[in-house]
Amino acid sequence: RGQNRKRENNDVNEREKRKKNDDEDKPSEILPIEQAYDFGDEDYLSRLPNLCLLKIFTLLPRSDIYSMSLMNKRIRPITNDRSLDRIKCKGGKLAIFQTESGYGFRFMIKDRCKPLNAPTMYLYDICNADCSFRERKRTNSYHGEYSLCPYTTYPYYHDWPIPELFFVALHDLLRHREVHYMKIKQVPMNSSCLSDKLPVLLDGHNIGHALIDCNDMYDPVLEGNRKRYTQLMNSARKASMWIDSSTGSKVLINAETIVDIIESNLQEYHEDIAPHSDDVYAERFDLQESMVSRISRFDWLDAPAMTLDATRVAGLCKSYLDTREPSPRGSLGQWRFNTDQRLTDQIIIPHMQASDYEYNGPTPTVDHFIVSKMGDKIATLRLFDWTVDGQPLHEVQVRFRINASGEESKREKEGEELMDEEEEEEEEE
């Protein structure tokens with residue numbers, strides 16, 4: 001009897017084991033999506049009208065809006081509404097350049113600033129072939145043709161008008177992406193299409209730095225080119241113009257266009273031109289008296305053809321230092337211009353009376369110091385005397401700095417480390 005009972009138990013265990021294996025091999029039942037995601041009365045999202053969903057999406061970053069667009073066919077058109085175009089992915093870098101047979105642009109964005117699985121690089125070029133234009137679009141293409149490289153030194157000097165399809169493609173790309181850095185490379189400035197349409201496309205973008213490579217500026221520089229250049233600069237906080245010394249020094253800023261620069265939103269302006277060249281001396285100009293006091297708002301002003309009254313320099317330096325706070329690196333800014341006469345201690349010292357600043361005499365390397373009585377704010381003035389066509393040219397370079405101590409020094413060091421990390425990331429990209 002005991003053996004029979006043991007045999008029956010073994011048979012039961014075998015049957016249960018076979019049944020369990022059969023259940024595991026049997027495919028699971030797939031429920032309809034309505035039943036699988038049936039939240040009952042708690043599914044408030046599906047019951048919201050489109051206007052309420054659109055209002056919710058205005059509070060989300062672009063990466064979350066992109067994720068919501070993948071949910072279903074009803075939500076996707078809402079996420080593509082024009083009212084959400086002001087919400088963009090941050091930190092984009094745009095380069096517009098000339099190619100061998102047309103024009104192109106490249107847009108790059110960091111991984112942490114873009115939606116998941118979205119490309120980090122967009123390449124576009126449009127070619128003039130057989131009296132018609134042909135478009136090419138690529139993503140994440142780091143090894144494209146030579147003609148798509150915006151930093152090549154090969155001179156593609158052609159003055160073909162930029163086709164409308166170029167701006168349409170750029171508009172579609174920038175709908176949901178913000179430009180933080182812009183570079184324009186070897187694009188002819190004698191056409192108004194770029195200066196007229198590009199500022200409209202970049203309206204509302206937080207452009208930190210705009211760089212224009214002016215190697216292809218034609219001699220002589222036309223007044224229309226100066227106006228177009230300043231129109232492009234108005235959309236940025238920091239602007240630079242770079243000119244290769246082998247092409248000559250073509251001065252873009254004169255007495256009229258400097259007014260546009262001062263009245264713009266620019267905080268920094270760079271003009272990389274040798275101050276003692278014949279072109280700079282021929283284009284030199286005196287700044288209007290009503291504009292002199294407004295120079296102090298610039299953190300960086302590089303205008304080698306501009307001439308100021310030497311008696312106004314010390315007052316401008318004090319005004320600048322009075323309105324600035326310590327920066328992470330301690331260095332604040334730099335100015336470069338000419339004066340109508342050589343800047344001497346006899347001109348500077350009278351401006352130090354009854355003020356919070358003192359004058360320190362020259363050193364073997366520096367001509368003048370303007371230092372606050374607390375010793376934390378310093379303006380360093382260096383003088384250079386040139387002779388062009390037998391005439392003297394007095395150049396002044398001013399550098400501003402705030403010395404940090406204690407907790408400020410610690411914060412300065414932390415700020416430097418953070419900036420170094422960001423620079424390393426940009427170099428790796």
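The model is predicted, so local features need pLDDT of at least 70 and side-chain atom pairs count only at pLDDT 80 or more, while totals for chains, interfaces and linings use all residues. Residues are numbered from 1 along each chain as its sequence is written, and side-chain values use heavy atoms, with hydrogens and water left out.

**Confidence**

- The average pLDDT of the protein is 76, and 73% of the residues score at least 70; pLDDT is the predictor's confidence in each residue, from 0 to 100.
- Confidence is lowest in helix α2 (residues 33–36), with a mean of 50, and highest in α7, at 91. Helices (H or I, at least four residues) and strands (E, at least two) are DSSP runs, numbered from the N terminus.
- Residues 244–249 have a pLDDT below 50, and this stretch has 7 contacts in the model beyond near neighbours in sequence. Contact means heavy atoms within 4.5 Å.
- Residues 406–413 also have a pLDDT below 50, with 8 contacts beyond near neighbours in sequence.

**Nonpolar cores**

- The largest nonpolar core holds 77 residues, and M306 and W335 have the most contacts inside it. Such a core is a set of buried Ala, Val, Leu, Ile, Met, Phe, Trp, Tyr and Cys residues joined through side-chain atoms within 4.5 Å.
- Buried here means under 20% relative accessible area, exposed means over 50%, and partly exposed lies in between (1.4 Å probe, protein chains only).
- Setting aside neighbours within four places in sequence, M306 touches I258, F285, L287, I295, L301, F337 and N338.
- A second, separate core has 9 residues, including L54, F57, M68 and I75.

**Helix α7**

- In α7 (residues 164–174), the buried residues are F166, F167, A169, L170, L173 and L174.
- Viewed down the axis of α7, these buried residues fall within an arc of 160°, so they line one face of the helix. The arc is that of the directions from the helix axis to the C-beta atoms.

**Cysteines**

- Searching the whole structure turns up 0 disulfides, where a disulfide is a pair of cysteine sulfur atoms within 2.5 Å.
- C52 is partly exposed, at 35% relative accessible area, whereas C127 counts as buried at 5% relative accessibility.

**Salt bridges**

- There are 11 salt bridges in the structure, each a side-chain nitrogen of Lys or Arg within 4 Å of a carboxyl oxygen of Asp or Glu.
- D85 pairs with R175, their closest N and O atoms being 2.9 Å apart. D85 sits in the loop between α6 (75–79) and β1 (89–99) and R175 in the loop between α7 and β5 (177–185), so this pair ties together parts that are 90 residues apart in sequence. Both D85 and R175 are buried.
- E178 forms a salt bridge with K90, with 3.6 Å between the closest N and O atoms. E178 counts as buried at 8% relative accessibility, while K90 is partly exposed at 47%.
- D385 and R342 meet through their side chains in a salt bridge (2.7 Å, N to O). D385 is in strand β14 (residues 377–388) and R342 in the loop between β11 (331–339) and α14 (345–348), 43 residues apart. D385 is partly exposed at 42% relative accessible area, as is R342 at 36%.
- Salt bridges with shared partners join R82, D85 and R175 into one network.
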